[in-house]
Amino acid sequence: MNLYFRLLLLHLRTRRARRRSLWDEARTPFRVTLTDLDPLRHTNNARYLALLDLGRLDLMIRSGFWGDLTRRGWYPVVAAQTITYKRSLTLGQRFDLVTRVLGVDERATYIEQTFVRRGTVVARAVVQARFLRTAGGSVASAELLDAVGGAPSDLALPAWVRAWADAVRISSTAG
């Protein structure tokens, strides 16, 4: 089953799903299929990253933010990500991808995404996303927050995420 089929299923599922806030977590259910596996018969590491895209899309669609983005001519891109694997996912196993916004700084939005099977964490990723304009240029975080009505008062970017973002940043003068 390729990602386009999963994208279609996601679209159909989100049409029926209860509307959420962008600041809520989204739980996106999946099942490991034959095309997810590598030669060692567990989910390929690249497939995890592709599924992360679908989890973020699920949150944006269910919150109504996706429609706002497209009307404004904005689109999200991954600027950096890190993932840690704890257990394997194998053929036929059901799991949820839990997606939530960790916080926003002056450059980007940070999202935590956790693969959970029967209450057990399988893998966890942190994604740094930026928003770009189809006409060119990037969307400032302040403008992004204004578009969503602001962030919750208790939303604070964890210090370790800020340190990670600083550590992985590529200088504009780097060769």
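## The buried side of helix 5

In this predicted model, Val 161, Trp 164 and Ala 165 are the buried residues named in helix 5, residues 159-168, where buried means under 20% relative accessible area, exposed over 50%, and partly exposed in between, with a 1.4 Å probe and protein chains only. Helices (H or I, at least four residues) and strands (E, at least two) are DSSP runs numbered from the N terminus. An α-helix has 3.6 residues a turn, so residues three or four places apart point the same way.

The face turned away from this buried side carries Ala 159 and Ala 167, which are exposed. The cover over the buried residues of helix 5 includes strand 2 (74-85), strand 3 (94-104), strand 4 (109-117) and strand 5 (120-133).

As to conventions, residues are numbered from 1 along each chain as its sequence is written, and side-chain values use heavy atoms, with hydrogens and water left out. Since the model is predicted, local features need pLDDT of at least 70 and side-chain atom pairs count only at pLDDT 80 or more, whereas totals for chains, interfaces and linings use all residues.

## Nonpolar cores

A nonpolar core is a set of buried Ala, Val, Leu, Ile, Met, Phe, Trp, Tyr and Cys residues joined through side-chain atoms within 4.5 Å. The largest such core has 17 residues, of which Tyr 48, Leu 89, Phe 95 and Phe 115 touch the most other members. Helix 2 (45-63), strand 3 and strand 5 each supply at least two residues of this core, and helix 2 gives the most, with five.

When neighbours within four places in sequence are left aside, Leu 89 is in contact (heavy atoms within 4.5 Å) with residues including Val 32, Leu 37, Tyr 48, Phe 95, Phe 115 and Val 122.

## The cavity

On a 1 Å grid over the protein atoms alone, a cavity is a set of points where a 1.4 Å probe fits but cannot get out, and a pocket is an open set with protein on both sides within 12 Å along at least five of seven lines; lining residues have an atom within 4 Å of a point. Grid points are joined across faces, edges and corners, and a volume is the space filled by probe spheres set on the points.

The count comes to one cavity of 30 Å³ or more. Its lining includes Arg 107, Phe 131, Val 139 and Leu 144, and strand 5 gives the most residues to that lining, namely three.

The largest pocket has a volume of about 340 Å³, and of the 22 residues that line it, Arg 56, Met 60, Pro 76, Ile 111 and Phe 131 are the closest to its centre. Helix 2 gives the most to this lining, with five residues.

The second largest pocket has a volume of about 180 Å³ and is lined by ten residues, of which Leu 9, Arg 13, Pro 29, Phe 30 and Arg 31 lie nearest its centre. Its largest share of lining residues, four, comes from helix 1.
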